[in-house]
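The sequence and the structure are shown first, and the points follow by topic.

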Amino acid sequence: MDCAVALTTQAANMPVSEEPLLDVRDFSLRRGQAVVLDGVSLALQPGETLGLIGESGAGKSTLALALIGLLRAPEVQLEGSLRFRGTELTRLKEADYRRLRGNKIGLIFQDATAALNPCFTVGQQIAEPLKRHLGLSKWDRRERAAELMHSVGIPEPRLRLDAYPHELSGGMQQRVMIAIALACNPELLLADEPTSALDVTIQAQIMELILDRVRELNSSAIFVLHDLALGAQVCDRIAVMYAGQIVEEGPSERVLAAPLHPYTRGLKSCVVELGSRTLVPIPGQVPPLDAMPAGCRFAPRCPKAKAICGEQRPRAEIRDGRQVACWFID
Amino acid sequence: MSDALNITATPDSQWKRRFLQPLLRQRSAVAGLAIIVIYVVAAVFAPWLATHDPTAQDLMASLQGPSAAHWLGTDSYGQDLYSRLLYGAQLALIIGFASVALGLVVGVAIGLAAGLMGGRTEWVLMRIVDGLLAFPELILAMAFMAVLGLGTENLVYALALSFVGPFARMTRGDVLQVKNQPYIEAARLMGVPTAAIIWRHVLPNVVSPILVQAGMRVSIAILLESGLSFLGIGVVPPTPDWGLMIAEGRAFITMAPWISGVPGVALAILLVALNLLGDGLRDAFDPTTQKDA
Amino acid sequence: MQEPIFSLLDVERTYELRRPGWLNRAPRQLKALDGVRLDLQRGDTLALVGESGSGKSTLIRLMLGLEPASDGRVLYGQRDLAQLDAEEKKRFAREVAFIYQNARGSMNPRMRIADILAEPIRLHRLCAESAIAERLAALLDRVGLPAGLLQRFPSELSGGQIRRVAIARALAAEPQVIMADESVAGLDVSVQAQVLNLLRDLCRESGITLVFITHDLGVASYLCEKIAVLYLGRIVEQGPTDAILNTPRHPYTRALLQAFPRFDMPLKASLSGEIPSPVDLPKGCRFAGRCPEAQAACRESDPALTAFDAERQVACLFPVAGAQ
Ligand SMILES: Nc1ncnc2c1ncn2[C@@H]1O[C@H](COP(=O)(O)OP(=O)(O)OP(=O)(O)O)[C@@H](O)[C@H]1O
Ligand SMILES: Nc1ncnc2c1ncn2[C@@H]1O[C@H](COP(=O)(O)OP(=O)(O)O)[C@@H](O)[C@H]1O
Ligand code: SF4
Ligand code: SF4
Ligand SMILES: [Mg+2]
Ligand SMILES: [Mg+2]
């Protein structure tokens with residue numbers, strides 16, 4: 001186990017096992033008539049980090065919530081398959097899901113203030129999964145909680161075990177969330193915009209912390225991000241989502257350095273970098289879910305669109321080590 | 001979400017879409033509104049719809065059941081119950097609306113002054129309001145009637161007084177909340193004069209819960225009015241008042257149950273209708289039922 | 001040199017914090033701003049950057065006259081903001097516009113966009129009543145919104161649209177200075193790019209003086225020609241954008257730049273710890289607790305903002321060296 005850690009941190013891109021840790025195949029999610037996720041396919045190897053990137057409403061959070069079973073029938077209708085370590089998640093019973101959530105799959109939300117319960121001390125909240133999934137005794141839970149707080153960089157953890165969330169700063173609350181998410185050594189960590197509410201300095205600390213811990217545990221992680229440059233820094237792979245579809249997916253250095261899909265290019269030219277001179281916004285806006293174009297969903301805003309784009313949906317093609325869904329890849 | 005994108009841009013349709021449509025979508029509120037309209041029509045056209053003078057006594061025809069001459073029967077003085085019912089509706093609605101309107105004007109003024117001025121003014125005004133609120137409405141109105149004496153007008157004053165407290169308290173609460181909204185500060189920063197800020201920015205944002213509250217209070221006012229008259233400390237006989245009519249019929253409840261029953265049922269239906277409409281208004285005005293991204 | 005449009009002379013802003021409980025009621029002082037010096041020239045575009053809690057919003061509220069300075073003076077032209085008479089106040093209200101961080105919250109939810117935009121025009125009698133409609137259409141056009149939005153309520157607009165309306169309202173009174181607090185935070189990159197381009201074009205075309213608060217150095221560098229970096233209530237470095245990006249002199253500025261996510265560099269947590277509370281500031285340099293360059297002298301004397309070279313000011317005893 002330990003030597004596997006050493007290996008995979010070095011060669012995150014090399015498949016360690018035959019079967020991916022997470023395998024999403026042609027997964028669709030509908031809310032009534034609205035198709036919120038449309039034919040999403042992804043594979044994540046153990047030890048890999050994946051970034052989900054795209055405009056607001058693209059379906060990033062929806063995909064993350066569906067993965068952890070917080071969006072299920074009858075609220076939404078699911079199609080296709082979600083396999084986690086060979087288990088089909090779409091058919092899992094709620095009781096089994098509960099055994100996975102917070103245990104094999106850890107979660108970090110954007111708004112720690114809202115996600116932490118204001119009525120319990122942070123020590124109690126970190127101890128909760130230790131009790132539920134690992135069945136540790138009360139004394140062991142407290143010890144482990146203090147260790148976890150120390151490991152996420154909270155100074156004087158024993159003093160702060162009994163603090164309530166509102167007594168901590170936003171950055172400290174986010175660290176507590178990370179401690180909770182990592183309490184049971186999850187194999188997959190889902191983080192929905194874990195640092196959007198924080199300053200860049202704290203963001204760098206938190207991201208570094210998450211990455212270190214994830215590597216230490218040889219876990220995989222999925223980050224929902226809105227910052228492309230941050231995606232390039234922390235993710236092995238990037239999946240760019242637009243209007244419920246993945247339009248481009250592949251190794252982050254290739255996807256972000258030399259994007260192939262017109263949408264990825266458009267996004268990149270909107271990013272403000274230090275010393276940017278020009279920004280070229282993508283014209284128009286994301287169409288509403290109930291008025292999606294028939295063919296390529298990006299066609300109304302795409303500078304390269306031709307007649308066929310409005311008629312037929314492009315299939316994802318493997319090109320240059322990544323999947324791209326566009327009729328005109330050059 | 002998407003229907004926000006294709007709104008036709010006339011003020012009229014905006015009003016309909018934001019207020020009227022949500023209201024009309026609620027069946028119970030529409031039913032309540034319809035019933036109230038019937039009562040109002042009955043009250044307004046009472047002189048034409050009535051078959052008899054509501055206070056004309058005819059002892060020969062007393063305690064009669066419904067008949068062709070007296071559609072809903074007569075009471076122990078031989079007064080025509082149908083006609084008394086119509087005039088009673090008039091009285092109930094007038095007292096209900098007038099007392100609430102008066103209580104509202106005074107209460108909102110106190111609440112606005114307290115909320116906007118703050119400091120000592122607020123402290124004094126709110127202690128007065130606390131004093132008013134310390135008594136249940138019925139007790140306060142009874143005490144006031146005892147001081148002022150019987151009569152329709154005094155009843156309106158007494159009821160209005162009992163409503164001043166709740167309106168003042170509510171207005172002040174809303175004003176305090178609105179006062180700290182960024183758009184108030186933004187208006188000040190743009191140099192909008194204080195009076196205009198109150199009129200344009202504060203009032204419109206506190207008025208809707210007050211109106212909803214007023215709608216609900218009308219039913220309370222009518223109930224209180226009937227109750228006081230029933231207890232003999234409201235309007236004076238032989239004024240055609242539902243509370244009085246119910247009280248008069250009490251002695252004959254086994255012989256002639258319609259004397260109390262007819263005004264009792266009329267009162268109950270009106271109260272239910274007012275409450276249905278009040279609930280509908282609240283939901284229609286409630287910002288949480290409207291999109292706010 | 002022309003006279004500055006705003007000057008801040010050693011401005012301080014303290015808040016008294018009451019301790020809970022009955023014993024030990026001595027109030028503690030929270031220094032949100034501590035010795036801020038700043039000159040703003042006509043036509044300048046200045047970005048205020050710094051971590052959350054560094055005092056950016058407080059500084060701008062003082063410059064707007066929304067809060068009084070506890071010490072020091074805020075001058076608009078040559079007049080002290082605290083001593084404006086009614087006539088001058090009115091002029092100030094017209095000449096200086098503010099765009100709130102919470103654009104939607106800064107608009108009366110029961111007014112239509114048309115009325116919201118018309119309010120400053122009517123107030124300052126900038127045109128005849130009959131010409132207002134035309135004027136509103138021109139304003140919306142200027143910020144790239146369709147005229148159809150005029151009859152909507154603020155709650156019916158998207159995040160990008162409402163910020164444009166906020167910009168349009170700021171422009172309505174034809175101000176000379178626009179101040180904006182985090183006006184692009186939380187927007188999608190493509191919408192953010194649109195709003196940034198709009199603001200930049202406006203400043204370039206009409207020579208408006210802009211003070212823009214942001215915690216994003218990229219946004220600051222795109223929009224503004226000058227940057228002032230705040231830390232714990234003091235400007236610690238100030239100068240032209242390019243110079244600050246290329247050769248940061250204050251260790252804090254350098255750390256902010258290093259933490260900024262970039263495509264071509266690995267992630268680097270450049271600073272440990274968090275911004276401390278501005279209550280009971282320690283003796284010496286306020287950044288000493290987190291500063292990688294801190295030396296013994298830093299814990300003794302508190303460096304004031306002083307000229308580093310012709311155009312740069314730095315508040316540090318040991319500024320970062322490096323080629324210009
Ligand atoms: N509870 C809900 N009811 C109806 N539609 C919803 C709900 N939650 C999300 N949606 C819709 O599903 C789509 C995807 O939303 P989702 O929250 O996954 O987007 P996202 O990519 O996470 O965006 P963001 O960057 O804003 O977090 C959007 O069109 C959204 O309007
Ligand atoms: N009204 C106030 N009362 C007490 N403290 C305040 C008040 N306003 C701001 N502060 C404090 O002043 C400091 C600077 O705040 P602020 O100007 O909002 O920072 P920024 O805008 O840079 O995030 C913070 O520590 C904040 O808590
Ligand atoms: S398929 Fe056509 S419209 Fe879609 S992204 Fe490619 S070129 Fe553009
Ligand atoms: S004065 Fe010292 S502690 Fe302060 S910033 Fe400069 S080097 Fe760091
Ligand atoms: Mg999301
Ligand atoms: Mg701020």
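Which helices of chain A each supply at least two residues of the lining of the second largest pocket? They are helix H5 (122–134), helix H6 (138–151) and helix H8 (170–182). The model is a predicted one, and every value below is computed from it.

**Second largest pocket**

- The space in the second largest pocket amounts to about 800 Å³.
- Its lining consists of 30 residues. Those nearest the centre of the pocket are A:Gln124, A:Gln125, A:Glu128, A:Pro129 and A:Ile180.
- H5(A) provides the largest share of this lining, with 9 residues.
- By class, the lining of the second largest pocket holds 14 nonpolar, 7 polar and 9 charged residues.

**Largest cavity**

- The largest cavity contains about 160 Å³ of space.
- The elements that give two or more residues to the lining of the largest cavity come from chains B and C. Chain B supplies helix H8 (182–189), while chain C supplies helix H2 (86–95), strand E6 (96–99) and helix H5 (159–172).
- E6(C) gives the most to this lining, with 4 residues.
- In total, 16 residues line the largest cavity. Nearest its centre lie B:Met190 from chain B and C:Ala97, C:Phe98, C:Arg169 and C:Ala170 from chain C.
- The lining of the largest cavity divides into 13 nonpolar residues, 1 polar residue and 2 charged residues.

**Ligand 1**

- The residues surrounding ligand 1 belong to chain A. The run A:Glu55, A:Ser56, A:Gly57, A:Ala58, A:Gly59, A:Lys60, A:Ser61 and A:Thr62 is part of this shell, together with A:Arg31, A:Val36, A:Glu193 and A:Leu289.
- Helix H2 (residues 60–67) of chain A gives the most to the shell, with 3 residues.
- A backbone N or O atom is 2.8 Å from a ligand oxygen at A:Gly57 and 3.2 Å from a ligand oxygen at A:Ala58.
- The side chain of A:Ser61 places an N or O atom 2.5 Å from an oxygen atom of ligand 1.
- Ligand 1 has 640 Å² of accessible area on its own, and the protein covers 61% of that area.
- The shell around ligand 1 comprises 3 nonpolar, 5 polar and 4 charged residues.

- Ligand 3 has 13 residues around it. Those that come nearest are A:Cys296, A:Cys302, A:Cys309, A:Cys326 and A:Trp327.
- The shell around ligand 3 has 11 nonpolar residues, 1 polar residue and 1 charged residue.
- Ligand 4 has 13 residues around it, with C:Cys285, C:Cys291, C:Cys298, C:Cys316 and C:Leu317 coming nearest.
- The division for the shell around ligand 4 is 11 nonpolar, 1 polar and 1 charged.

- Chain B contains 11 helices and 0 strands. Along the principal axes, the C-alpha trace of chain B spans about 75 × 50 × 30 Å.
- Side chains of opposite charge can pair when their charged atoms come close. The structure has 51 salt bridges over all chains.
- One salt bridge joins B:Arg127 to B:Asp130, with the closest N and O atoms 3.0 Å apart.
- Both B:Arg127 and B:Asp130 are located in helix H5 (residues 119–133) of chain B. The two residues are 3 positions apart, about one turn of the helix.

**Backbone exceptions**

- Most residues other than glycine have a negative phi, and most peptide bonds are trans.
- Between B:Pro237 and B:Pro238 the peptide bond is cis, with omega near 5°. B:Pro238 is placed in the loop between helix H9 (194–230) and helix H10 (242–249) of chain B.
- A:Asn185 is a residue other than glycine with a positive phi, near 50°. A:Asn185 is found in the loop between H8 and strand E7 (188–192) of chain A.

Note on methods:
Residues numbered from 1 in each chain as written. Chains lettered and ligands numbered in written order. Predicted model: local features only at pLDDT ≥ 70, side-chain atom pairs only at ≥ 80, totals over all residues. Heavy atoms only, no water. Near = heavy atom within 4 Å. Polar contact = N/O pair within 3.5 Å; in protein donor to acceptor, adjacent residues only side chain to side chain. Areas by Shrake-Rupley, 256 points an atom, 1.4 Å probe, with all protein chains shown as cover. Nonpolar A, V, L, I, M, F, W, Y, C, P; charged D, E, K, R; others polar. 1 Å grid on protein atoms, 1.4 Å probe; cavity = no way out; pocket = protein on both sides within 12 Å on 5 of 7 lines; lining within 4 Å. Points joined across faces, edges and corners; volume = space filled by probe spheres on them. Salt bridge = Lys/Arg side-chain N within 4 Å of Asp/Glu carboxyl O.
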